[in-house]
Amino acid sequence: MNVSLDGFVGRNDGDVEWIFPSIDEELQEWLADMLGQAGAHVMGRVTYGDMAAHWPSSDEPYAAPMNDIPKIVFSRTLTEATWPQTTVLSGDLATEVARLKAEDGDELLAHGGAGFARALISRDLVDEYRLIIHPVALGSGLPLFTTATDLRLVSSEPFPGGAMAVTYAPAGTPHAPARTPDPARTPGAAEG
């Protein structure tokens, strides 16, 4: 999830244009790799609407993993999905996520928006926070966290455009990184 230095995932009106200046080629590769490792993309109805309108006709680097990997949408109002490989779930969020986590397969990758992310966080359903922190402070906006949340750093990777990919786990939980960083893109990894 994209986050400003001061912890917002969007401006008050939902605008996220502020993320794009710091997305460089290395970050694009990192994101495409991360998206491609998902067993399913999980999202709320609003984000689904935005993505379903964009990705099916896109030729951007992220289009293949977004279109080819199954999507799961949580919604009380959406009854049918037009984006191929999409399942709509309307049951209790905690129950449905627990069921999905118990299934065999690759990891679930949750996308925003802010409300859906906060719903997952408030129910302790997040095993790992993969955040792209952009070098911009918004001053106000849509926060990712609305209560104090202790986290433990699992990994971090800076990018030339100024953004940093960080992975956190809830503090106090044993956790191994879900993905092994590519040594060719990890600063200092090739040094003796």
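**Backbone geometry, packing and a pocket in a predicted model**

Asp124 is exposed, with a relative accessible area of 68%; exposed means over 50%, buried under 20% and partly exposed in between, with a 1.4 Å probe and protein chains only. The structure is a predicted model, in which local features need pLDDT of at least 70 and side-chain atom pairs count only at pLDDT 80 or more, while totals for chains, interfaces and linings use all residues. Residues are numbered from 1 along each chain as its sequence is written, and side-chain values use heavy atoms, with hydrogens and water left out.

Asp124 has a positive phi of about 55° although it is not a glycine. Its place is the loop between helix 5 and strand 7 (129-134); helices (H or I, at least four residues) and strands (E, at least two) are DSSP runs numbered from the N terminus. Gln85, in the loop between strand 4 and strand 5, also has a positive phi, near 65°. At 43% relative accessibility, Gln85 is partly exposed. The peptide bond from Gly112 to Gly113 is cis, with omega near 15°, and Gly113 lies in the loop between strand 6 (108-110) and helix 5. Most residues other than glycine have a negative phi, and most peptide bonds are trans.

Asp124 is also among the residues nearest the centre of the second largest pocket, together with Ile121, Ser122, Tyr129 and Thr149. A pocket is an open set of points on a 1 Å grid over the protein atoms alone, where a 1.4 Å probe fits, with protein on both sides within 12 Å along at least five of seven lines; lining residues have an atom within 4 Å of a point. This pocket has 13 lining residues, and helix 5 (residues 114-122) gives the largest share, 3 residues.

In helix 2 (residues 45-54), the buried residues are Thr47, Tyr48, Met51 and Ala52. Seen down the helix axis, they fall within an arc of 125°, so they line one face; the arc is that of the directions from the axis to the C-beta atoms. The face turned away from the buried side carries the exposed residues Val46, Asp50 and Ala53. The buried residues pack against strand 3 (40-44), helix 3 (63-68), strand 4 (71-74) and strand 5 (86-89), where contact means heavy atoms within 4.5 Å.

The largest nonpolar core has 26 residues, of which Leu27, Trp30 and Trp83 touch the most other members. Such a core is a set of buried Ala, Val, Leu, Ile, Met, Phe, Trp, Tyr and Cys residues joined through side-chain atoms within 4.5 Å. Helix 1 supplies the largest share, 5 residues.
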